[in-house]
Amino acid sequence: MQFEIIENHISDKLVLTPVARIDSSVARDFEEHVSNRIAEGNTHFVVDFSRLSFISSAGMRVLLMTAKTLKAGGMGGTLVLCSMRDSIREIFAISGFDKIIMICSTCEEALAYKG
């Protein structure tokens, strides 16, 4: 499976919109993509789930590591997730990730979040 992600810069935030699925076959590509954007100096991320139908534990691990990286080392960065399907949001709630990573209902709310 090929990894597809749409990027948009809005103000000081980089909005990443992964398409279709983030499973074990593409989680490494997703991790590399995000790591490259951090290395380029991006510190405020919104991940828009509106085009995502599935995320595996490997994809969730990438998000957790990204959140930790952005908070560590005085980067002052933020990671906000938005526009999740109910089934995906439920997985984040059951796993407790919703206590670690900010989740907003809409992209507009995520963009307004100041962390």
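Which residues does T78 touch, not counting residues up to four places away in sequence? The legend to Figure 1 gives the answer for this predicted model.

Figure 1. Not counting residues up to four places away in sequence, T78 touches T43, H44, F45, L70 and G115. With H44 there is also a polar contact of 2.8 Å, made between the side chains of H44 and T78. T78 counts as buried because its relative accessibility is 11%, below the limit of 20%.

**Figure 2. Overall fold of the protein chain.** The chain contains 4 helices and 7 strands, which follow one another from the N terminus as β-β-β-α-β-β-α-β-α-β-α. The radius of gyration is 13 Å, in agreement with the value near 13 Å for a compact globule of 115 residues. Along the principal axes, the C-alpha trace spans about 30 × 25 × 25 Å. Buried residues account for 45% of the 115 residues. The chain exposes about 6,100 Å², of which carbon and sulfur atoms supply 50%. Of the contacts between residues at least 6 apart in sequence, 68% join residues at least 24 apart.

**Figure 3. The largest nonpolar core.** This core comprises 29 residues, and those touching the most other members are F30, F49, I55, L63, L79, L81 and F92. At least two core residues come from each of β2 (13-18), α1 (27-39), β4 (44-48), β5 (52-55), α2 (57-71), β6 (78-82) and α3 (86-95). Helix α2 gives the most, with 6 residues.

Figure 4. Helix α2 has 15 residues, and the distance from its first C-alpha to its last is 21 Å, close to the 21 Å expected at 1.5 Å a residue. Its buried residues are G59, M60, V62, L63, L64, T66, A67 and L70. These buried residues pack against β3 (20-22), α1, β4, β5, β6 and α3. For L63, leaving aside neighbours within four places in sequence, the residues in contact are F30, V47, F49, I55, L79, L81, F92 and I101.

**Figure 5. S25 in the loop between β3 and α1.** The side chains of S25 and D23 are joined by a polar contact of 2.6 Å. Q2 lies 23 residues away from S25 along the chain, with a separation of 8.6 Å between the C-alpha atoms of the two residues. S25 has a relative accessible area of 45% and is therefore classed as partly exposed, since this class lies between 20% and 50%.

**Figure 6. S105 in the loop between β7 (102-104) and α4 (107-112).** Leaving aside neighbours within four places in sequence, S105 is in contact with S83 and R89. M84 is 21 residues from S105 in sequence, and the C-alpha atoms of M84 and S105 are 7.1 Å apart in space. The relative accessible area of S105 is 49%, so S105 is partly exposed.

Methods:
Residues numbered from 1 in each chain as written. Predicted model: local features only at pLDDT ≥ 70, side-chain atom pairs only at ≥ 80, totals over all residues. Heavy atoms only, no water. Core = buried A, V, L, I, M, F, W, Y, C linked by side-chain atoms within 4.5 Å. Buried < 20%, exposed > 50% of the residue type's maximum accessible area, 1.4 Å probe, protein only. Contact = heavy atoms within 4.5 Å. Expected span 1.5 Å × (residues − 1). Polar contact = N/O pair within 3.5 Å; in protein donor to acceptor, adjacent residues only side chain to side chain. Rg over C-alpha atoms; globule rule 2.2 N^0.38 Å. Areas by Shrake-Rupley, 256 points an atom, 1.4 Å probe, with all protein chains shown as cover.
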